[in-house]
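Hello,

Here is the structure I promised to pass on to you. Please have it open while you read, as my notes follow just below.

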Amino acid sequence: MNSMWRTVIVAVALSAVSSVAVAQSRDPAGSPEGDRRARYAKLAELPDWSGVWSPDWLVNSQNRQLKPEYTKEGAALVEAYEQGQERGENLQGQQANCVPPGLPNVMTQPYPIEFVFTPGAVYIITETYSQVRRVYTDGRPLPDDPDPYFNGHSIGHWDGQALIVETNGINPRNVLVSGVHATEQTRIREKIWQEAPDQLIIETTISDPTLFTKPFVTRAALTREHDWEMREYVCAENNKDAADPFGRPSMSLEEGDQE
Amino acid sequence: MTRAVASWAGAIALVGVAVSASAHHSTAMFEWGKEVALKNATVERWEWTNPHTFLYVSVPKAGGGTERWAFEGMSPSHLSRAGWDKRSLKPGDKIDLTYFALRDGRKGGFNISVTFPDGRVIRQLPVGVSSGDAAR
């Protein structure tokens, strides 16, 4: 490229930048562009949940020791599950086959999560299984008759500095507590707030009148890790583990095919 | 950490409640918590992959020759934040290791620690974490 053309290209680029700057300063509130800018500016009023949040393994393990109060139907499911374990079944879940856990357990996997605030939606990105939850904060209602999704269908709103998330449409393959799967009646409410500058608490309330006599409430804690980056997690990269349809585990000892 | 969470964590540590070791599978296949040693191993292959790392080694057999062992490990997501990386082990490295054995008797298990000839030790899980995730 000769120097004359380089000069022309730079000049054109500079004039494009300056016209964008002029256009920005002229967007009045009430214009589409002005409204868009106002919606983004409002995000600055939300709490700072930037960065990478690591789950507290100890707290999350303790959650798994908590037991809901079951209906007769729910208790029968747990009993059948435990009887299966005595036969060597129900020892391994579908996560061993790289099927993601979905809600609620997607929020308490051992690896970190991050939050992205945008006008109209909060995105929750989880490292484990590289999952994304979309929590719509644009005022829409929950869907009436949603297709089952692993991460459900979520709407959210801010109650002061706490994010309240309501979810329905949870895939019946999802495990709510050991031996008990979601139903069409399952609803999950999450309250997420910053307990300390680098600590988030997620209070999860699972309601399902077919399974539980009263809502089942657990709490998880997350710590902001200032020097971490999110990593890729593709489960099918080199999975040697498996669960058969009865939940019996197996593991291959063959080498993976990657170098 | 809030006081409530701190005391909760403390209570768990005291009673030794199972601590999640894996995002991916249960520990039912292994003699989880029963750490045994394999000495004089030579690294053949180190798979730095999700959902688990894998370590293949050879060890001398009584009476001559070698035999191959295979060990699952934690994921790069966990290990990269515990000081490990894709070059932590390489073919030819001489190591001693500890593991939780496979229940089915095959030559393998879940790797817990690796000790190098200079005495340096790297661990897959923190000291004291020896019980596993329930099936989920």
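Let me start with one pair of residues: Glu190(A) and Arg133(A) are both buried, where buried means under 20% relative accessible area, exposed means over 50% and partly exposed lies in between (1.4 Å probe, protein chains only). Before going further, a word on the source: this is a predicted model, in which local features need pLDDT of at least 70 and side-chain atom pairs count only at pLDDT 80 or more, while totals for chains, interfaces and linings use all residues. Residues are numbered from 1 along each chain as its sequence is written, chains are lettered from A and ligands numbered from 1 in the order in which they are written, and side-chain values use heavy atoms, with hydrogens and water left out.

**Salt bridges**

Side chains of opposite charge can pair when their charged atoms come close. I counted as a salt bridge any side-chain nitrogen of Lys or Arg within 4 Å of a carboxyl oxygen of Asp or Glu. Over all chains, the whole structure has 21 of them.

Glu190(A) and Arg133(A) form one such bridge, with the closest N and O atoms 2.8 Å apart. That pair links distant parts of the chain, since Glu190(A) lies in strand 9 (residues 187-196) and Arg133(A) in strand 4 (residues 131-136) of chain A, 57 residues apart. Helices (H or I, at least four residues) and strands (E, at least two) are DSSP runs, numbered from the N terminus.

Which residue of chain B does Glu255(A) pair with? The partner is Arg45(B), at 3.6 Å between the closest N and O atoms. This bridge crosses between chains, from the segment after strand 13 (249-251) of chain A to strand 1 (residues 30-47) of chain B. Glu255(A) counts as partly exposed because its relative accessibility is 38%, whereas Arg45(B), at 14%, is buried. Both residues belong to a network of salt bridges that also links Lys240(A), Glu44(B), Glu47(B) and Arg68(B).

Within chain B, Arg103(B) and Glu31(B) meet in a salt bridge at 3.5 Å, N to O. Arg103(B) sits in the loop between strand 4 (94-102) and strand 5 (108-115), and Glu31(B) is in strand 1, 72 residues apart. With 30% relative accessibility, Glu31(B) is partly exposed.

**Chain B as a whole**

Chain B has two helices and six strands, in the order α-β-β-β-α-β-β-β along the sequence. Of its 136 residues, 54% are buried.
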